[in-house]
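Take a look at the protein below.

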Amino acid sequence: MASGIKAKLVLFDLDGTLYLDGVPYPGAIELIEKLRKSDLEYCFVTNNSSIPTCDYIEKMRRIGFPLEPRNMISSGDAVLPMLRHYGIKKRLYILGGHRFRAWLEGQGFVHDAVNPEAFLIAFDKELEYEKLTTATRLVIKGIPIFATHADPVCPPGFPDAGMLIEYFRAACPGVVIQAIAGKPHKWLCRVLEERFGCTASEMIMVGDCVGSDLAFACNNGMRSVLVRNGEPMPPLGNFQPTVVVPRISQMLDEFWPRNLGW
């Protein structure tokens, strides 16, 4: 990661970084407004695949954040190039909500419980025993497995895709997850590079989670901003942030990227 490279794109995690339980932190909306008037671009980045990106855009607008479709990306968006890279053409068994499945079908991937080419694990708030049983039998049969992301829990305590991954590993010891689309993996980074025409070294990842946000930055050569918003410092392990910001509002001035020489 070359600190002397001028930044072009600022990435933001959502819950815990810009807002909490749907309520923006002080200064968060003003920060996005300032970015809109600057020479920096911005993008909201979420691993949550319970709904398609278009639903997230409407959610962010309702909360009060200004954005265009290009300013929002989810792990679901990174699923598309990931699956195509592995030669998955059309048929998927999808553990995901009906809105997410409908969106994937609009992209050419059909939900198929009988003869799928692969199994995709997503964030499924509509999970039921019958769906889980079908998926378990497919895993035991040896079908290739992919996932939108690997977060074990979605705030404030929903069992997430990562918990399902661990379930299938327990159900079939030695099972291999072929690839994971979202943070901290490469597929989401590749979509961002293509969309914004910049390299990972020209991006800044702003977030509150070590295992996804900081790891995403470290794994892909980005600068990172760990935002605490009043929370205690978590154990960092191998993922050291470039800077630590006590509150997101401080990015308006003292931690504004250009003021840091970025």
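Predicted model: local features only at pLDDT ≥ 70, side-chain atom pairs only at ≥ 80, totals over all residues.

Next come the charges. The protein carries 28 positive and 29 negative side chains. The centres of these two sets lie 5 Å apart.

**Overall build**

The chain forms eight helices and 15 strands. Its radius of gyration is 18 Å, close to the 18 Å that the globule rule gives for 262 residues, so the protein is as compact as a globular protein of that length. Along the principal axes, the C-alpha atoms fill a box of roughly 55 × 35 × 35 Å.

**The inside**

Of the 262 residues, 53% count as buried. In soluble globular proteins, nonpolar side chains tend to be buried together. Here the largest nonpolar core has 36 residues. L11, L104 and M222 have the most contacts inside this core. Which helix gives the most to this core? Helix α7, residues 186-196, does, with six residues.

L104 shows what such contacts look like. Leaving out residues up to four places away in sequence, L104 touches V79, L80, I94, F109 and L120. Another core lies apart from the largest one. This other core has 32 residues, including I57, I63, M72 and F255.

**Backbone details**

Most residues other than glycine have a negative phi, and most peptide bonds are trans. Some places in this model depart from that pattern. The peptide bond from K183 to P184 is cis, with omega near 5 degrees. P184 sits in the loop between β12 (177-180) and α7.

Two residues have a positive phi without being glycine: D21 and N229. The table sets out their values.

| Residue | Phi | Relative accessibility |
|---|---|---|
| D21 | about 55 degrees | 61% |
| N229 | near 50 degrees | 8% |

Where do they lie, and are they buried or exposed? D21 is in the loop between β2 (19-20) and β3 (23-24). Exposed means over 50% relative accessible area, and D21, at 61%, counts as exposed. N229 is in the loop between β14 (223-227) and β15 (243-245). Buried means under 20%, so N229, at 8%, is buried.

Note on methods:
Residues numbered from 1 in each chain as written. Heavy atoms only, no water. Core = buried A, V, L, I, M, F, W, Y, C linked by side-chain atoms within 4.5 Å. Buried < 20%, exposed > 50% of the residue type's maximum accessible area, 1.4 Å probe, protein only. Helix = DSSP H or I, 4+ residues; strand = E, 2+ residues; numbered from the N terminus. Contact = heavy atoms within 4.5 Å. Rg over C-alpha atoms; globule rule 2.2 N^0.38 Å. Lys, Arg positive; Asp, Glu negative; His and termini not counted. Charge placed at Lys NZ, Arg CZ, Asp CG, Glu CD.
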